[in-house]
Amino acid sequence: MVYSCLDLFPKGIEELMKETELSISELMERLITLELKGYAEEVSRNYYIRLL
């Protein structure tokens, strides 16, 4: 769900929280997992993009 909300244009944590309706802890856990697997990247503090 988080991956599908990401795009090539950076999205902030607040925007992702609204789109996914996840808590900050759940969202961060999923974003870190996506980063470790190479599917997402934090391009600026709390702004993420999709990689693949």
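**View 1. Arginine 50 and the ring of tyrosine 3.** Arginine 50 lies over the face of tyrosine 3, 4.3 Å from the ring centre. The model shown in this and the following views is predicted. Tyrosine 3 has a relative accessible area of 25% and is therefore partly exposed, since partly exposed covers values between the buried limit of 20% and the exposed limit of 50%.

**View 2. The aromatic pair of tyrosine 3 and tyrosine 39.** The count of aromatic pairs comes to one. Tyrosine 3 and tyrosine 39 form this pair, with an edge-to-face arrangement: the centres are 5.8 Å apart and the angle between the planes is 75°. The two partners come from distant parts of the chain, 36 residues apart. Tyrosine 3 belongs to helix α1 (residues 2-5), and tyrosine 39 to the loop between α3 (24-37) and β2 (40-44). Tyrosine 39 is partly exposed, at 35% relative accessible area.

View 3. With 41% relative accessibility, leucine 51 is classed as partly exposed.

**View 4. The hairpin of β2 and β3.** Strands β2 and β3 run antiparallel and are joined by four bridges. They form a hairpin with two residues between the strands. Asparagine 46, in the turn, has a positive phi of about 65°. Glutamate 41 is placed opposite isoleucine 49 of β3.

Notes. Residues numbered from 1 in each chain as written. Predicted model: local features only at pLDDT ≥ 70, side-chain atom pairs only at ≥ 80, totals over all residues. Heavy atoms only, no water. Buried < 20%, exposed > 50% of the residue type's maximum accessible area, 1.4 Å probe, protein only. Phe/Tyr/Trp six-rings, centres within 6.5 Å; stacked < 30°, edge-to-face > 60°. Lys NZ or Arg CZ within 6 Å of the ring centre and 35° of its normal. Pairing = 2+ DSSP bridges.
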